[in-house]
Each structure stands twice: as C-alpha cells, then as structure tokens.
Amino acid sequence: MDNLENTAEDKGLNFQCNLCDIEVVHSMTQLLLHALATASVDSTTGDMFKSPSSVATGMKAELSGYMVQRSETLVRESMDGGEDHSDQLTKASSRPTEFLSDLIDEFVTSKRGMLSHVSGLFSSESRLNKIKDFVQKLEVDNFWAQDERKATAGAILENIDIKGMFHCPERFDMPDKLAEHTSECKFRILNCTNDGCVASFCAIHIEKHDTVCPFKLLPCEQLCEQHVMRSEMDKHCTTICPMKLTNCPFFRIGCETAFPQCSLDNHCSRFLHTHLTYVVKVITRQGDSVNDMDQRLQLLEKVQSLNELSGALDVKSLTLITKEQESKINKLERDLKAQETRMKKLENDLRSRK
C-alpha cells in the first residue's frame with residue numbers, strides 16, 4: 001500500500017478521496033469496541049491487581065496499531081511475492097468485517113493469560129457477561145470515541161480493500177478536481193428523500209434502501225388509486241382500501257358474491273331483482289313458519305285448557321292458582337252443587353210418587 005501511495009504522490013496526486021462504505025465502517029467500529037472490551041477482560045482475569053479499566057488505555061493503542069499493521073503486512077507480503085495469503089486477501093476484499101473478526105481473534109487470543117484460559121473453562125457465561133458490561137461502560141464513558149474508531153476502521157479498510165469495493169481509491173492533483181469527484185463519488189453520503197425517513201447511506205446503497213424503506217410511497221397492492229407507505233400497506237389493504245373484497249349485504253339470505261367494497265352500489269343495482277327474489281323467498285319461509293307456530297300455539301292452548309279442567313276436579317292438589325283459574329274453579333263448584341241439588345229434588349219427587 002505504501003508503494004502505491006508513493007507512486008501516486010510521485011505523479012503529484014496528493015488529493016485523495018477518503019469516502020468509503022459507511023455501513024461497513026460502522027460494523028467495523030462495533031467490532032473494534034467489542035475487541036477492546038474482550039482483550040481487556042481476558043488479560044486481567046484472575047489478576048487481583050489489575051482490572052479491565054486499568055489496562056484499557058494501553059490496550060486500545062496496542063489493538064489499533066496491531067490491526068492497521070497486520071492488514072498492511074498481509075497485503076505487502078502478497079504483493080511482494082512473499083507468503084501466500086490468497087484466501088485471506090479474498091476474504092479481506094469481499095468480506096472485510098469477517099476478515100477483521102479473524103484479526104481480532106488473533107489479537108485477543110494473544111492477550112489471554114494462563115489464568116484466563118483456566119477461568120474460561122469454568123465460567124464462560126460469566127466471562128461473556130463481564131465483556132458485555134465492560135462494552136457498555138466504554139460506550140457510556142465514550143472511552144474510544146466513534147470518530148477515532150472510524151479513522152482506525154477506515155485505515156484498515158483502505159489497506160485490505162484492494163479492489164475498491166468498499167472505499168474510493170481515487171486521487172487527484174488539484175483540490176477542485178477532488179471536490180468535483182466527491183459530489184459524484186459512489187460512496188458519497190445521501191439522505192433518504194421519503195417524507196419521515198431519516199436514514200443516511202452511500203450512493204451505492206440507494207437501490208437497496210429504496211426496496212426496504214418503510215416510508216416509501218407505493219401504489220396500492222390491490223390496485224386502488226391511492227399511494228400508501230410501505231409500512232402502512234397491510235393495514236390499508238385490510239381496512240380502508242376501496243378495492244378490499246367484501247361480501248354482499250344479502251350474503252346471509254343467498255347472494256354469495258364477493259366484490260371490491262367500492263363496487264357495492266353497482267352490485268346492488270345490477271342484482272336488484274335477484275336480491276328481491278331472495279327476500280321474497282325468506283318472507284315466504286317466515287310466513288310458513290308463522291302459520292306453523294300459530295297452529296302449535298292453538299294446540300298448546302287446548303292442551304292447557306284440558307289440564308286446567310282436570311286439575312280443577314281436585315282442588316286440594318293445586319299448589320299455585322291464579323285468580324282466573326280460581327274463578328273458573330268456583331264456578332265449576334257452584335255448578336256441581338246445583339247439579340247435586342237437582343238430583344236430590346228429583347229423587348224426592350220419585351219417592352213421593354211411589
């Protein structure tokens with residue numbers, strides 16, 4: 001990388017575009033912070049005289065220097081025809097975050113003491129919790145500022161991205177040429193233009209973001225005339241969309257047609273005669289049911305009258321008698337007594353004739 005930079009400087013190309021893929025750089029900054037926490041915890045595990053906080057400052061400088069130097073060495077050795085690092089270079093140029101993870105593993109492993117190895121065998125969960133807590137402490141204290149980590153990540157990325165997939169390698173001899181390029185560079189930062197969205201991304205990711213932006217207005221999936229935000233599309237289609245399918249109001253009496261709810265008036269007008277036919281059939285069935293109910297009611301009334309008459313012959317068996325029933329029973333008793341009186345009179349008349 002130094003040879004390339006020297007060649008560019010010899011040609012007077014002293015103005016370099018420093019733009020890069022901010023998503024990749026952000027991921028690398030997170031890895032660096034976690035690496036610092038892990039190395040600090042592992043290097044002090046079992047040491048009663050040291051804590052992660054006490055070694056963090058020196059560990060940060062050592063980690064940063066190791067990452068930059070190791071990435072430079074890898075590329076230089078490959079370009080000079082030294083060791084074969086083709087597999088690592090392939091990963092570095094296509095999957096830089098994975099490559100950085102490998103370098104971090106090397107560094108962290110080198111910082112583990114014997115006590116850390118032994119402790120790790122018995123308390124891996126405790127180790128992870130300590131690392132997580134220390135990461136949070138580093139973030140709260142802003143121990144390794146985001147801008148510093150971005151600079152380190154950018155330097156590493158510039159070293160390993162030999163194909164220029166994640167950073168811009170362009171250099172210029174004049175600042176105005178650099179400014180002109182920066183305004184068109186594929187790694188320039190853009191803000192989403194959809195109302196409500198605050199996302200920022202590199203120009204190369206504009207299509208990727210456009211396919212997932214929740215604030216993007218899209219034509220209704222059910223082909224109504226409205227444009228709806230991607231995040232509201234499902235709700236729109238199942239509630240207020242004019243093209244939402246709905247059942248005919250006469251569905252329960254026979255019309256099983258489903259249609260867009262905006263077509264309700266048209267459907268009812270077109271099938272008015274059909275709907276009236278369904279209504280007449282229902283009314284007819286209901287009329288037959290009413291007649292049948294009347295007949296049953298009359299039959300029940302007759303049965304009730306017979307039961308009342310039978311029960312009245314034995315007044316003592318009644319436990320609940322209404323005023324109307326009591327009146328009927330009293331009249332019946334009077335009629336019986338009158339009948340008995342007539343029978344006695346008739347018997348007396350017959351005896352006197354004999």
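**Group meeting: core and aromatic pair**

The accessible surface of the protein is about 24000 Å², and carbon and sulfur atoms hold 54% of that; areas are by the Shrake-Rupley method with a 1.4 Å probe, and for residues only the protein chains shown count as cover. This is a predicted model, in which local features need pLDDT of at least 70 and side-chain atom pairs count only at pLDDT 80 or more, while totals for chains, interfaces and linings use all residues. Residues are numbered from 1 along each chain as its sequence is written, and side-chain values use heavy atoms, with hydrogens and water left out.

Of the 354 residues, 27% are buried, meaning under 20% relative accessible area, with exposed over 50% and partly exposed in between.

Now the core. The largest nonpolar core has 35 residues, a core being buried Ala, Val, Leu, Ile, Met, Phe, Trp, Tyr and Cys residues joined through side-chain atoms within 4.5 Å. Helices H2, H3, H4, H5, H7 and H8 each supply at least two of its residues; helices are DSSP runs of H or I, at least four residues, numbered from the N terminus. The largest share, ten residues, comes from H2. Met 28 is among the residues with the most contacts inside this core. Leaving out residues up to four places away in sequence, Met 28 touches Thr 97, Leu 100, Ala 153, Ile 156 and Leu 157, a contact being heavy atoms within 4.5 Å.

Next, the rings. There is one aromatic pair, counted when ring centres of Phe, Tyr or Trp (its six-membered ring) lie within 6.5 Å; planes under 30 degrees apart are stacked, over 60 edge-to-face, the rest tilted. Tyr 66 and Phe 107 have centres 5.4 Å apart and planes at 45°, so the pair is tilted. Tyr 66 sits in helix H3 and Phe 107 in helix H5, 41 residues apart.

Note on methods. Buried < 20%, exposed > 50% of the residue type's maximum accessible area, 1.4 Å probe, protein only.
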